[in-house]
Amino acid sequence: TSGVEAGLVAARRAAISVRVRALPGRPVLVELRDTPNFAVGDAAWDLGRPLAELGLAPAATIRLTGPDGDAEAAVATAGDAPLVVVGRDVPRHQWQLDLWRRLRAARADAVLVDLGLPRPDALADGPYVLVGGAARPNLLVAAEILVRGH
C-alpha cells in the first residue's frame, strides 16, 4: 500500500461519526476559522475539494472568523441545501462552540465536521464527524462519511 492509502486506512479507523446521514444534495459549508495572524497564517484545510472529488461539490462556502459571525445569514444562504459546519477543535474555542450551537438550533439537520482533537463529550448527540486532523486523508474520510452516511 502507498503512503496515501495507509493514511486513508488509519484515518478511516480513527474517524468517529454520530447520527450522520448521507447528504441529500450539494451542501453549503460554513467554515469556523480563527482570524489569520502573522505567526500562524491562514489554515490550509479545505473540505470542499474532497467533497467535489466525490461528486458533491459545495453549493457555497461561508467563512465565519469570530464571535460576531452571522449564523443567521449563513442559514439564510443555505436555504434548503444541507448545512455542514467545519471547524478545528470547536469545543476548545467558545465562539466556535457558540456559533455551532446557534447554527444547530436553527437547522437541526446541520452536521458538524471537527478536524481537531475528538471531543464527543462536548458535542452532545450529533450529528457530527470527528476525524482528528486536517490532513488530506482526514478530509477525504470526512467527505466520504458525508457522501455515504455512517
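A residue is called buried when its relative accessible area is under 20%, exposed when over 50% and partly exposed in between, using a 1.4 Å probe and protein chains only. By that definition Glu144, at 10% relative accessibility, counts as buried. The structure is a predicted model, in which local features need pLDDT of at least 70 and side-chain atom pairs count only at pLDDT 80 or more, while totals for chains, interfaces and linings use all residues. Residues are numbered from 1 along each chain as its sequence is written, and side-chain values use heavy atoms, with hydrogens and water left out.

**Glu144**
- Glu144 lies in helix H5, helices being DSSP runs of H or I with at least four residues and strands runs of E with at least two, numbered from the N terminus.
- Contact here means heavy atoms within 4.5 Å, and, leaving aside residues up to four places away in sequence, Glu144 touches Arg12, Leu54 and Gly149.

**Nonpolar cores**
- A nonpolar core is a set of buried Ala, Val, Leu, Ile, Met, Phe, Trp, Tyr and Cys residues joined through side-chain atoms within 4.5 Å.
- The largest such core has 25 residues, and those touching the most other members are Leu47, Val84, Val86, Val113, Leu115, Val129 and Leu146.
- Two or more residues of this core come from each of helix H1 (3-14), strand E4 (83-87), strand E5 (111-114) and helix H5 (136-148), with H5 giving the largest share, seven residues.
- Not counting residues up to four places away in sequence, Val113 touches Leu47, Val84, Val85, Val86, Gly87, Val129, Ala142 and Leu146.
- A second, separate core of 23 residues includes Val30, Ala71, Ala78 and Trp95.
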